[in-house]
Amino acid sequence: GSSVSVAAALAEMPPQTLRTHAGLGLVVPSRAKGGGRRYSPRDVYRLRLIQRLSQEEGVNLNGIRRIIA
């Protein structure tokens, strides 16, 4: 899995945006032994989808939540 900073870079979003999405439950990272969040390739794919829906399609977070549920 990737760290927050690596996953954010792969998803082309600021780390704080990634943390917000995780806090809203749009993506649920696993936890490393030290307690840090680890993002799988599937998580990064989902983050990229969220970013595309938000930025290119103008879908709000509630809409995104329904789409990815």
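In the predicted model, Val4, Ala7 and Ala8 of helix α1 are in contact with Pro15, Leu18 and Arg19 of helix α2. Sorted by class, the residues of this contact comprise five that are nonpolar, one that is charged and none that is polar. Helix α1 spans residues 4-11 and helix α2 spans residues 15-23. The axes of the two helices lie 8 Å apart and form an angle of about 100 degrees. Helix α1 is therefore roughly perpendicular to α2, as angles of 65 to 115 degrees are counted in this way.

Helix α3 is formed by residues 41-55, 15 residues in total. From its first C-alpha to its last, α3 reaches 21 Å, which is close to the 21 Å expected at 1.5 Å a residue. The buried residues of this helix are Asp43, Val44, Leu47, Ile50, Gln51 and Leu53. An α-helix has 3.6 residues a turn, so residues three or four places apart point the same way. The buried residues of α3 pack against helices α1 and α2, against β2 (37-38) and against α4 (61-68).

One of the buried residues in α3 is Gln51. Its relative accessibility is 16%, and Gln51 counts as buried because the limit for this class is under 20%. When neighbours within four places in sequence are left aside, Gln51 is in contact with Ala11, Glu12, Met13 and Glu56.

Definitions and conventions: Residues are numbered from 1 along each chain as its sequence is written. This is a predicted model: local features need pLDDT of at least 70, side-chain atom pairs count only at pLDDT 80 or more; totals for chains, interfaces and linings use all residues. Side-chain values use heavy atoms; hydrogens and water are left out. Axes are lines fitted to C-alpha atoms, for helices over the stretch in contact, and angles run from 0 to 180 degrees between N-to-C directions. Helices (H or I, at least four residues) and strands (E, at least two) are DSSP runs, numbered from the N terminus. Angles under 35 degrees count as roughly parallel, over 145 as roughly antiparallel, 65 to 115 as roughly perpendicular and the rest as oblique. Contact means heavy atoms within 4.5 Å. Ala, Val, Leu, Ile, Met, Phe, Trp, Tyr, Cys and Pro count as nonpolar, Asp, Glu, Lys and Arg as charged, and the others, Gly among them, as polar. The expected span of a helix is 1.5 Å times one less than its number of residues. Buried means under 20% relative accessible area, exposed over 50%, partly exposed in between (1.4 Å probe, protein chains only).
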